[in-house]
Amino acid sequence: MKIDRSYLAASWRSWFSRDARIGPEWLHLIWTQLFCMIIAAGFTILGFVLYASGTGAWRNLSGWAHWYGINLVVSMCVGFAIHFLFRLSIAIVSAKRLKAWSQGRRAVFFATVPMLGLAIGWPLGGWLVSQEGFGWFRLGDTNAVVGSLLLSLLISFIFYQFFATKARQIEAEKQAAEARLRLLQGQIEPHFLFNTLANVISLIDHDAPKAKQMLETFTDYLRATLSSLRRDDATLGSELHLVQAYLELLKARMEDRLQFSIEGAGELGQARLPPLLLQPLVENAIHHGLEPKLDGGHVQVRAHRDGESLVLEVLDDGMGLQAPSRRPGAGVALANLRERLLALYGDAASLTLGANNPGTVATLRLPFEKALPA
């Protein structure tokens, strides 16, 4: 995955999120460090607001550096303790099981881990910055113990509310982006619609049975497309049915210039995947691979399971990757598809293009999930 500005922004958002994780571990460590630096700055400003006396204290740069350093050490101890506790907990529980938990159970989990990290990091940071070791936390002083516990609970509550609000915001943005992309990908292109209707009209006078067949195929395609747009999730079986309806409609237009085959439904038919995820790959194979080719060609759609991954492939024997595109907007559909995968699965899903000799193969790999019973 190329690390550019949009990828960094997506990784930063996923750092707040509770599901899809985008970016390698070192990048998330950088986000944790950055967040600790921001928190340390906030506590430093708060300390000067509460305790600075006179304007001279506010202009004392060495004082600012001193207290910022102390707050940064404590913030880093707390922040990285929470970071590694989350990594350890998710590795033990598994992200897949965590995602299936109820909302209440997840809320308890995401509230408990930061409190535990604070309980570990706060004393450790205090010990590192205190010349008296644990002297700042005098067990014999009841007020100090109670005050520290109350402060810890207050900070945990503030952090939890902050992260919960940010996670809800990111989830809403992700759903909005998913809805927009699905709508764009689910729209029937005007020229595709008009060309199909024009073909039907031209066939009515001299080949009415074929016109009727094309119109029925077009109706099946519309019905399958509208059904996909109404669902939040789809199955591999339903997506392959939509692809078959699309290919049959194009075959009615292209006739012998288009041959196709679909493999892999069977037991994988109940595999869960986002709707309208597979059709853009088939559209690309037709429009960029076979339509520019005088004698057309063959499109093969196949699916198989590779461990915990579902692998979908669309192969064609068309013009290939090096051929110049004759269609405006080349690459937009694939860019939208990659954006959807990044928002839904993070780094757990991928889309790659390769040579088929001749033609092109598009490979879509995503986590295997079985669809929930209806």
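Q: In which loop is Glu 255 found?
A: The structure is a predicted model, in which local features need pLDDT of at least 70 and side-chain atom pairs count only at pLDDT 80 or more, while totals for chains, interfaces and linings use all residues. Residues are numbered from 1 along each chain as its sequence is written, and side-chain values use heavy atoms, with hydrogens and water left out. Helices (H or I, at least four residues) and strands (E, at least two) are DSSP runs, numbered from the N terminus. In these terms, Glu 255 lies in the loop between H10 and S2.

Q: Is Glu 255 buried, partly exposed or exposed?
A: Glu 255 is not a glycine, yet its phi is positive, at about 55°. Under 20% relative accessible area a residue is buried, over 50% it is exposed, and in between it is partly exposed (1.4 Å probe, protein chains only). Because its relative accessible area is 41%, Glu 255 is partly exposed.

Q: Which strands are the edge strands of the open sheet?
A: Five strands form this sheet, with mixed pairing, in the order S2-S4-S5-S7-S6. Two strands pair if DSSP finds at least two bridges between them. Each edge strand pairs on one side only, and these are strand S2 (258-263) and strand S6 (350-355).

Q: By what angle are neighbouring strands of this sheet turned against each other on average?
A: Axes are lines fitted to C-alpha atoms, for helices over the stretch in contact, and angles between N-to-C directions run from 0 to 180 degrees. With direction ignored, the average for neighbouring strands of this sheet is 15°.

Q: Which helix packs on the sheet?
A: This helix touches S2, strand S4 (297-306) and strand S5 (309-316), where contact means heavy atoms within 4.5 Å. Its direction makes about 170° with that of S2. The helix is H10 (residues 236-254).

Q: Which residue in S7 is the bridge partner of Ser 350?
A: Strand S7 (residues 360-367) runs antiparallel to S6, and six bridges join the two. Within S7, the partner of Ser 350 is Arg 365.

Q: What is the relative accessible area of Asn 357?
A: S6 and S7 form a hairpin with four residues between them, and Asn 357 is in the turn. Phi of Asn 357 is near 50°, a positive value in a residue other than glycine. Asn 357 is exposed, and its relative accessible area is 69%.

Q: At roughly what angle do the axes of H4 and H6 cross?
A: The two helices are H4 (residues 61-93) and H6 (residues 103-129), and their axes come within 7 Å. The angle at which these axes cross is roughly 140°.

Q: What percentage of the residues in the protein is buried?
A: The protein has twelve helices and seven strands. Among its 374 residues, the buried share is 40%.
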